[in-house]
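Please look over the model shown here before reading the numbered points, which are meant as a careful note for a colleague who is new to reading structures.

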Amino acid sequence: MMTILLYLIVMALVGAMIFLAASAVFGRSEELPPLPPGTTATVLPAEDVTGADVDALRFQQVLRGYKASEVDWALHRLGLEIDSLRAQLGRDEKSEVLLKADAPAKAEATQEAPETESEAKDSQG
């Protein structure tokens with residue numbers, strides 16, 4: 001009976017040493033150390049958010065899902081980006097309409113342009 005107990009203790013010690021050695025050599029297979037509590041890896045570029053940026057978003061998980069403050073921040077940033085793009089699109093459309101409205105006036109002005117100097121001399125002389 002004592003021999004079996006001794007074998008179990010030795011096996012547990014050998015297993016623990018192998019586990020500790022493997023953990024020291026291989027680590028937890030993480031490329032980066034874990035984030036400190038209270039920080040997040042949720043990032044978006046300051047401008048020109050792309051679909052890939054949105055796909056890459058990751059939120060910190062809490063008891064009932066994702067951390068609400070991170071999700072709110074990301075939605076706010078995406079809303080600002082959408083508003084900025086819509087404003088830019090509106091400016092572009094307005095300038096295009098103005099260019100189209102000015103095109104007929106410019107065409108009339110070029111048709112009614114004064115005669116060139118050589119034509120004026122020919123008609124006078």
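1. Glu 70 has its place in helix H3, where helices (H or I, at least four residues) and strands (E, at least two) are DSSP runs, numbered from the N terminus. This is a predicted model, in which local features need pLDDT of at least 70 and side-chain atom pairs count only at pLDDT 80 or more, while totals for chains, interfaces and linings use all residues. Residues are numbered from 1 along each chain as its sequence is written, and side-chain values use heavy atoms, with hydrogens and water left out.

2. Glu 70 is buried and yet has no salt bridge, since the nearest side chain of opposite charge, Lys 67, is 4.9 Å away. Buried means under 20% relative accessible area, exposed over 50%, and partly exposed in between (1.4 Å probe, protein chains only). A salt bridge is a side-chain nitrogen of Lys or Arg within 4 Å of a carboxyl oxygen of Asp or Glu; as to charge, Lys and Arg count as positive and Asp and Glu as negative, while His and the chain ends are not counted.

3. If neighbours within four places in sequence are left aside, Glu 70 is in contact (heavy atoms within 4.5 Å) with Thr 40, Thr 42, Arg 58, Phe 59 and Gln 60.

4. Glu 81, which lies in helix H3 (residues 68–111), is likewise buried without a salt bridge, and the nearest side chain of opposite charge, that of Arg 77, is 4.3 Å away. A polar atom of the Glu 81 side chain lies 3.3 Å from the backbone nitrogen of Asp 48. Not counting residues up to four places away in sequence, Glu 81 touches Glu 47, Asp 48 and Val 49.

5. With residues up to four places away in sequence not counted, Glu 47 touches Arg 77 and Glu 81. Glu 47 and Leu 80 are 33 residues apart in sequence and 9.8 Å apart in space, C-alpha to C-alpha.

6. Ile 18 is found in helix H1 (residues 2–26), and it counts as exposed because its relative accessibility is 56%.

7. For the protein chain as a whole, there are four helices and two strands, and from the N terminus on the elements run α-α-β-β-α-α. Of the 125 residues of the protein chain, 6% count as buried. Among contacts between residues at least 6 apart in sequence, 45% join residues at least 24 apart.

Note on methods: Polar contact = N/O pair within 3.5 Å; in protein donor to acceptor, adjacent residues only side chain to side chain.
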